[in-house]
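Q: Could we go through this structure together? I would like to begin with a loop and then move on to the annotated sites.

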Amino acid sequence: MTTRINPSILAADFANLERELGRIATADLVHVDVMDNHFVPNLTFGLQMVTRLQEVSPIPLDVHLMIDDPDRWAPAYAEAGAFSVTFHAEAAGEPVALARKLRSIGARAGIALKPGTDAAPYLDLLPEFDQVLVMTVEPGFGGQSFIHETMPKLTRVADAVHAAGLDVWLQVDGGITEETIGIAAEAGADTFVAGSHVFNGDVPAERIEALRAAVAA
Ligand code: DX5
Ligand code: ZN
């Protein structure tokens, strides 16, 4: 199984983001959390910042939009060159039309589910997506604890992906550490977002390798 480790720059030093990107250059993708203070009660950055990050990042961008009205705003992130653009199911008006739009621009399309959101209505739509993000914390803040109760949902999505013979990446985001990553992998995840665990280490690259080793174990 291919495993991807995507550090979240939400936990990085915002005053030195180019340097921080260099410290995680051995990761697969850099996870970029866009928050609008409406969909979630926190505010990070928007298109202008993501466009600049895209220009200086040594690895591709995995953009996670925690915003209202992604139908309106998400395509611009694909146009800025993001490798993947993931929007929330709870916020999207026309998720299939939006996914098709993102793909037509050349980005991978992702759909995210908050911990309390049932996956069932989305299982038939899986062929429209390249990635499903099962949130393992409530979106909005880094440094929260992994919600174990989300694992049955992750497995349900993984089973549906395999039953349909699809190549849809299954991402988890929130509370991922060397302890929890194996639990999520066991439940079906292949793509792991980690913010504080990576950036709280003195050497983020070592934390990335430790996470890889913990999945392989
Ligand atoms: C939370 C964000 C996450 C966050 C994860 O809303 O979507 O990407 O950065 O942070 P940790 O790894 O600290 O839980
Ligand atoms: Zn995220």
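**A walk through the model**

A: Asp69 is found in the loop between strand E3 and helix H3 (70-79). Helices (H or I, at least four residues) and strands (E, at least two) are DSSP runs, numbered from the N terminus. This is a predicted model, in which local features need pLDDT of at least 70, side-chain atom pairs count only at pLDDT 80 or more, and totals for chains, interfaces and linings use all residues. Residues are numbered from 1 along each chain as its sequence is written, and chains are lettered from A and ligands numbered from 1 in the order in which they are written.

Q: What is the phi of Asp69?

A: Asp69 has a positive phi of about 50°, although it is not a glycine. Most residues other than glycine have a negative phi.

Q: Changing topic: which residues does UniProt list for "active site"?

A: The unreviewed UniProt entry lists Asp33 and Asp173. They are spread over 141 residues of sequence, yet they cluster in space, with a largest C-alpha distance of 10.6 Å. UniProt positions are given in the numbering used here, feature names are shortened, and annotations may be inferred rather than shown by experiment.

Q: Where does Asp33 sit, and what does Asp33 touch?

A: Asp33 is found in strand E2. Asp33 is buried, because 24 other C-beta atoms lie within 10 Å. Not counting residues up to four places away in sequence, Asp33 touches Ser8, Leu10, Thr44, His64 and Met66. Two residues are in contact if their C-beta atoms, placed from the backbone, lie within 7 Å.

Q: Then where does Asp173 lie?

A: Asp173 lies in strand E7 (residues 169-173). Asp173 is buried, because 27 other C-beta atoms lie within 10 Å. Residues up to four places away in sequence aside, Asp173 touches His64, Leu133, Met135, Thr136 and Val193.

Q: How many residues of E4 are buried?

A: Strand E4 (residues 84-88) is mostly covered, and 5 of its 5 residues are buried. Ser84, Thr86 and His88 point one way from E4, while Val85 and Phe87 point the other way.

Q: On to the ligand. Which residues come nearest to ligand 1?

A: Of the 22 residues around ligand 1, Ser8, Leu10, Gly142, Gly195 and Ser196 come nearest. A residue is near a molecule or strand if its C-beta atom, placed from the backbone, lies within 6 Å of it. Strand E2 (30-35), strand E8 (191-194) and helix H7 (196-199) each supply at least two residues of the shell.

Q: How do the residues of that shell divide?

A: The shell around ligand 1 has 8 nonpolar, 12 polar and 2 charged residues. Ala, Val, Leu, Ile, Met, Phe, Trp, Tyr, Cys and Pro count as nonpolar, Asp, Glu, Lys and Arg as charged, and the others, Gly among them, as polar.

Q: Which residues does the "binding site" annotation cover?

A: In the unreviewed UniProt entry that annotation includes Ser8, His64, Phe141, Gly143, Asp173 and Ser196. Phe141 is in the loop between strand E6 (131-135) and helix H5 (151-163). Phe141 is partly exposed, because 15 other C-beta atoms lie within 10 Å.

Q: Last topic: how many helices and strands does the protein chain have?

A: The protein chain has 8 helices and 8 strands. Buried residues make up 45% of its 217 residues.

Technical notes. A residue is buried if 20 or more other C-beta atoms lie within 10 Å of its own, exposed if 12 or fewer, and partly exposed in between; C-beta atoms are placed from the backbone.
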